[in-house]
Amino acid sequence: MSKHRKKSYSLFDPALVNTALRQSFVKLNPQLMVKNPVMFTVEIGCFVMLLVVLYTAFTGDRSQGSLGYNLAVFIILLLTLLFANFAEAIAEARGKAQADSLRKTRQDTPAKLLTMLDGRIENQIELVSSSRLQLNDRFVCEAGDTIPMDGEIMEGIATIDESAITGESAPVIREAGGDKSSVTGGTKVLSDRIIVRVTTQPGETFLDKMISLVEGANRQKTPNEIALTILLASFTIVFIIVCVTLKPFADYAQTPVTIAAFISLFVCLIPTTIGGLLSAIGIAGMDRALRANVIAKSGKAVETAGDVDTLLLDKTGTITIGNRKATNFYAMDGVDEKTFIKIAALSSLADDTPEGKSIIELAGQIGVNMRREAEMEFIGFTAETRSSGVNLSDGTQIRKGAEDSIRSKVERAGNQFPKSVQNRVKSIAENGGTPLVVAANNTIKGVIELQDIIKPGMQDRFERLRKMGVKTVMVTGDNPLTAKYIANKAGVDDFIAEAKPEDKMNYIRQEQNKGKLVAMMGDGTNDAPALAQADVGVAMNSGTQAAKEAGNMVDLDNDPTKLIEVVEIGKQLLITRGTLTTFSIANDVAKYFAIVPALFIASIPSLQGLNIMNLKSPESAILSAIIFNAIIIPILIPLALRGVAYKPIGASALLRRNLLIYGMGGIIVPFIGIKLIDLLIGLFI
Amino acid sequence: MNKEILGVLLTFGFSLLIAIPLGKTIARWLNGEKTIWNFMAPLERFIYKVCGINPAEEMTWQQHMKALLTINLIWFVYAFVLLISQGSLLLNPDGNPSQSPDLAFNTAISFLVNCNLQHYSGESGLTYLTQVFVIAFLQFVSAATGIAAVFVLFKALRDKVTDHLGNYWVFFTQSITRILLPISLVIATLLAFNGTPTSFEGKDSYLSLQGDTVQVARGPAAGMIAIKHLGTNGGGWFGVNSAHPLENPNYFTNTVELIAQVIVPIALVFAFGFYLKRRKLSTVIFAVMTLGFLSLLLPAMVSELGGNPAIEKLGIAQTTGAMEGKEQRFGPAISSYWSIVTTIISTGSVNSMHDSSMPLSGAMLLLGMMTNAFYGGCGVGILNFFIYLIIAVFISGLMVGRTPEFLGRKIEAREMKIASMIAILHPLLILAGTALSSWVLVHHPEADWAVKPGNWLNNPGAHGFSEMLYEYTSAAANNGSGFEGLGDNNLFWNISTGFVLILSRFLPIIGPIAIAGLLAKKKYIPESAGTLRSDSYTFGLMIFAVIVILAALAFFPALTLGPLAEYFSI
């Protein structure tokens, strides 16, 4: 499961910071700014302050406050904008750097293009640059070639080194037809020769799509982001109303209020903290997905993942370690245990399946080592006999296979299928194991038990998921009895036994009809409809093109447990957004207490009673509030990029925890922060 | 003093004792179960028949709102016409004149929307005909309008994946026949036996000890005073409302009127839980509302019982607390309890003059109307609360990493848009209104209106500001109480508050119903461990925080210039 990750960037890599700093200024462009209503209003305020500064500087009129004070307010507002832009820019830069490191794998490489004539493939090879490859072109790759473009193998089989993409050094086999026919640009063919059809237009690979998502050009707001923006916009409107109506109120109270004070109050009250960090949080979520080697086709997919109710997991590779392993030899009564193990090992000598190998391995551990001999005649597994084995030179016929196949064989020969074996077979099956019955010369010698090995730590993960309210469903081809046992042992909530592709599909539909969101992972063409039906479909990169098209994420590592990681990334994204919103809004309490007394204290001195922070002067109170408002943005950038720690402790407990940290914290922190800044300012003026 | 506080506690206790079983009964009747009200069924069937209503017809939320708005428009025209012509109609023994069009506009709207902002005095501004057939009539139907609307919400939140939300006319009719009419009868009887007049005769007179002839207005008042409280209307028969010795003769009637105004709003909160079979949710909502109620009540009560610091500075002992503007027969404890109750629920009847309350109490009264969701008016209290609840659901959903959902339905952009608009509306109307009047007052003090803007205010400075702020807050909260001391019977105030009234009544009904209607049609998602339970106290705290930050904080600058400035000055 542990794969090495792409080169990861420290939060503030100097190169990225440079780019981000430049971008912070570029993003001041009102046309870009208007997409973020909260910060756009700050920009307007900032512009107005610029006019006030110019007016004060050139006319010498001090009715709006001293030049220095107005200049200070202007600069702080400008910084607020730049900080917010920087947050977005650094998130983009990190995402882009991540994507670039993936994209590097697909530098221009020579492609051996098969020329086509009237739709017929000529067997002529033309060397072209990979960038000239078009959809449906075919090219040849031989041992040592780097695959120039994503595609599907049309002919041949090859071993491929995919470490450039997945970080996994063991080569994989890809072949035409079947579920493992996909190759990725930038990977290397180690042996053999394949003909590959190009499956994507240049510039439209999943990676390209992801990069454009991160860069913001195509970043569409997710439904959840839209709803939040509406809420934030409405907060902003409320505070516009508060600030605009304050003018006639102040006139009535015969209190002159400076423009700087109005704008400061407004900027402090509107949720600039979350407004400034919102897009950074979204981009950082995509970036975290990319860091986990998952390419999301949209931001929505990542978010939906956080919302998933039901997770369909393939047993093999996700819940259990690959394949079944032999765990026990049970000799029949009257058969010597050593002898039986020998027979069992002999039967598996030529068996190349992982199960067969594990039998040899287990026998070896017990001290029984058998070797191939020239006179041995190995009988392979066929669908007809459903058993395999060996004929020894002395004529002994050893066969192993499933209970029913061996039973019929033995009974046909007129021998008994002993009751004790029958019981053993049953008890193994009940314990989730797979029994293999071994016979020599048509008499039963004993039973080999194969067991699924559940990956370590899976129980804990499922428990975490359960606490998040995510139901886990194991999908397996096993019979219901075995499936049930493994499901219980691994701690999944439900299982689909003897699963056919359409079973998955039906299960997904069923859950969706109950109003649930379903996530699944798949690779085969068979899986494509289910991947498309699922709310979150993660296709393995090794899977077929159809599967990759159908899903809304692609996992470059082909790691079936990735689904769980994706869910956690999605949740973290939503939580980060929610907690920072709460923090931002809760900050208003302290800001009110800083600014409102400052506005009126000159004309109503008794309002000193409201100045509970005991700030030095009205000017320093206002400056402290907007300085706090500005610097809280960069202070929170690391949190926005890393995401808020996610604890699977159940919704109500999580709400309590986050409300305490970010709600209460959001109320208390600015009181302390503003007071400290006020003390600092007091040193200078 | 202790006896006074005991009186407050008993009053609240009795209110719950009546409201909770009433809530249960309402839920049972909505469920179609047999209740004690079933004897009203023949009368209801008769009404349906006469009005051509098919009680089995199910309406969508849009049809409900269409019905609601249409019938309200008809009532408005009816009331307006009667008010401008009342002087020449029947039942006018005292020969009171017809209302001016702007006053009639304000009065008709104000009673239609359950606000009862009275820019006139009942003794001289209305006739018995309009008192009974306009005022008392509207007090019944406006309360029933709110209750019927909240029933639509109940149904929408209970039934899954449907747009069949019951029949508006049935909800409306039953609200009157089963809640308002029978309970009003009981209250009216109690009041009548304690001295509230019920006669159709004109003014009486007596010779005072000084030898002056004093005219005493009367009329068939007991019935109207009953529905004025039960229906959270608040518009009194007499000008000084329930401070008047005939409108509220003694401590007992005071208690009856206090209980009468809270039972329907509280009963509806419990009915919600019983009907949806989510009693814990009801309890949490009730707890949040009560927490809000107490955090307004305690400062008010403490400052009223403590007396006026300005008088204290003169060295005068105030053993009875602050008695300015209060009735001897009630005292400061129950009077401050009344004033908070009447402002958090949208009654707006008064038994003491709010203008004379201590500044801190004044701030609490304003806050009660600014939040407008602690118990709240008949039906509309829950609708207002629902908006805050939706916003709280949204934010807390994000905080636990799930797309927010309430009772198994997802809250998405559309619902948020509606909730946000309604949440903005209230501060907008109040602040914009007050800003407008401040502007007019400062810049056009000599304008040629019935009352010159320069003469609007009885008090200068912060208190005067509070008078204007209070008037718009009362209008926007559909409350109807007045800070008084404001010259409000003129074109400016009649028209401007009239529009505030319409907007703040119907949009906050349509908004929540629309959200509920949209939710009802959505897929139902069964709860899981990851679902944020809306019936937890943590979530309750979240709603409370949303109310405080969204509703209360927006008014902080305004309150600073009004009651808070005054509080810190004396």
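Start by selecting helix 21 and helix 23 of chain A: in this predicted model, the two pack at an angle of about 35°, with their axes 8 Å apart. Turn the view until one lies over the other, and you will be looking at a right-handed crossing.

Next, show the side chains where these helices meet. On helix 21 of chain A, pick out residues including Phe583(A), Ala586(A), Ala590(A) and Ala594(A). Across from them, helix 23 of chain A brings residues among which are Tyr662(A), Gly663(A), Gly666(A), Pro670(A) and Phe671(A).

Now bring chain B into view. The contact between the chains takes 59 residues from chain A and 55 residues from chain B. Which elements of chain A give two or more residues to the side that touches chain B? Select helix 7 (223-252), helix 16 (458-467), helix 21 (562-600) and helix 23 (651-684) of chain A; the two helices from your first stop are on this list. Helix 7 of chain A gives the most, with 17 residues. Coloured by class, this side of chain A shows 31 nonpolar, 17 polar and 11 charged residues.

For the last stop, colour chain B by pLDDT. Its mean is 92, and 99% of its residues reach 70 or more. Select helix 3 (residues 61-85) of chain B to see where confidence in that chain is highest, at 96, then helix 11 (residues 309-313) of chain B, where it is lowest, at a mean of 87. The model as a whole scores ipTM 0.91 and pTM 0.85.

Terms used: Residues are numbered from 1 along each chain as its sequence is written. Chains are lettered from A and ligands numbered from 1 in the order in which they are written. This is a predicted model: local features need pLDDT of at least 70, side-chain atom pairs count only at pLDDT 80 or more; totals for chains, interfaces and linings use all residues. Two residues are in contact if their C-beta atoms, placed from the backbone, lie within 7 Å. Helices (H or I, at least four residues) and strands (E, at least two) are DSSP runs, numbered from the N terminus. Ala, Val, Leu, Ile, Met, Phe, Trp, Tyr, Cys and Pro count as nonpolar, Asp, Glu, Lys and Arg as charged, and the others, Gly among them, as polar. pLDDT is the predictor's confidence in each residue, from 0 to 100. Axes are lines fitted to C-alpha atoms, for helices over the stretch in contact, and angles run from 0 to 180 degrees between N-to-C directions. A crossing is left-handed if the near helix is turned anticlockwise from the far one by less than a right angle, and right-handed if clockwise.
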